Amino acid sequence: MPVPLAPYPTPPAPYTPPANGVQSQLVCSGCRNLLVFPVGATSVCCAVCNAVTAVPPPGTEMAQLVCGGCHTLLMYIRGATSVQCSCCHTVNLALEANQVAHVNCGNCRMLLAYQYGARSVKCAVCNFVTSVGATASTTEQKFST
């Protein structure tokens, strides 16, 4: 006697990206690779490490900085005051572009970034302390570490 076969359930329709093909990017929360995904997705699964990264709500402005501990590129929601690196756990100060100024090191000429209002900035390359402001050229000194 033949056994009646139950029909297979209809599989869900696959996700189809918007007709205009608009895509966005974010950094994987697991392996830090750049993920490209269609606009409208709420989360993205990384093909390398299988970590699921939540997509920020539409309209959220993102910013980037390089971690001071391990030099990994970090992405964060614009307006945050600090960002903790998921690789080395360093807490990085997140400054907006209008809060940062630049000066060349008084010793090695490396371009240095510092927060507005600072009186001096120490070069991470040669440890020279460069004064900033009106008396910048008269108060430079060498720091020993």
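Is Cys 88 buried, partly exposed or exposed? Select Cys 88 and find out: with a relative accessibility of 30%, Cys 88 is partly exposed. Here buried means under 20% relative accessible area, exposed means over 50%, and partly exposed is in between, using a 1.4 Å probe on protein chains only.

Before you click on, two notes. This is a predicted model, where local features need pLDDT of at least 70 and side-chain atom pairs count only at pLDDT 80 or more, while totals for chains, interfaces and linings use all residues. Residues are numbered from 1 along each chain as its sequence is written, and side-chain values use heavy atoms, with hydrogens and water left out.

**Stop 1: the whole chain.** Show the cartoon. You'll find 13 strands and 0 helices; both are DSSP runs numbered from the N terminus, with at least four residues for helices (H or I) and at least two for strands (E). Of the 145 residues in the chain, 23% are buried.

**Stop 2: around Cys 88.** Back to Cys 88, which sits in the loop between E7 and E8. Not counting residues up to four places away in sequence, Cys 88 touches Cys 67, Gly 69 and Cys 70; contact means heavy atoms within 4.5 Å.

**Stop 3: the salt bridge.** Select Arg 78 and Glu 61. They form a salt bridge, with their closest N and O atoms 3.5 Å apart. The pair links distant parts of the chain, 17 residues apart: Arg 78 is in the loop between strand E6 (73–77) and strand E7 (82–84), and Glu 61 is in the loop between strand E4 (52–54) and strand E5 (62–66). The term asks for a side-chain nitrogen of Lys or Arg within 4 Å of a carboxyl oxygen of Asp or Glu, and the structure holds 1 such bridge. Arg 78 is partly exposed at 39% relative accessible area, while Glu 61 is exposed at 53%.

**Stop 4: the largest nonpolar core.** Select Ala 101, Cys 105, Leu 112, Tyr 114, Val 121, Cys 123, Cys 126, Phe 128 and Val 132, the 9 residues of this core. A nonpolar core is a set of buried Ala, Val, Leu, Ile, Met, Phe, Trp, Tyr and Cys residues joined through side-chain atoms within 4.5 Å. Zoom in on Ala 101, in strand E9 (residues 100–104). Ala 101 is buried, at 7% relative accessibility. Leaving aside neighbours within four places in sequence, Ala 101 is in contact with Leu 112, Ala 113, Tyr 114 and Tyr 116. Next, click Tyr 114: beyond four places in sequence, its contacts include Gln 99, Val 121 and Val 132.

Stop 5: Which strand holds Leu 34? Leu 34 is in strand E2 (residues 34–38). Leu 34 is exposed, at 51% relative accessibility. Its contacts, leaving aside neighbours within four places in sequence, are Gln 25, Leu 26 and Val 27.
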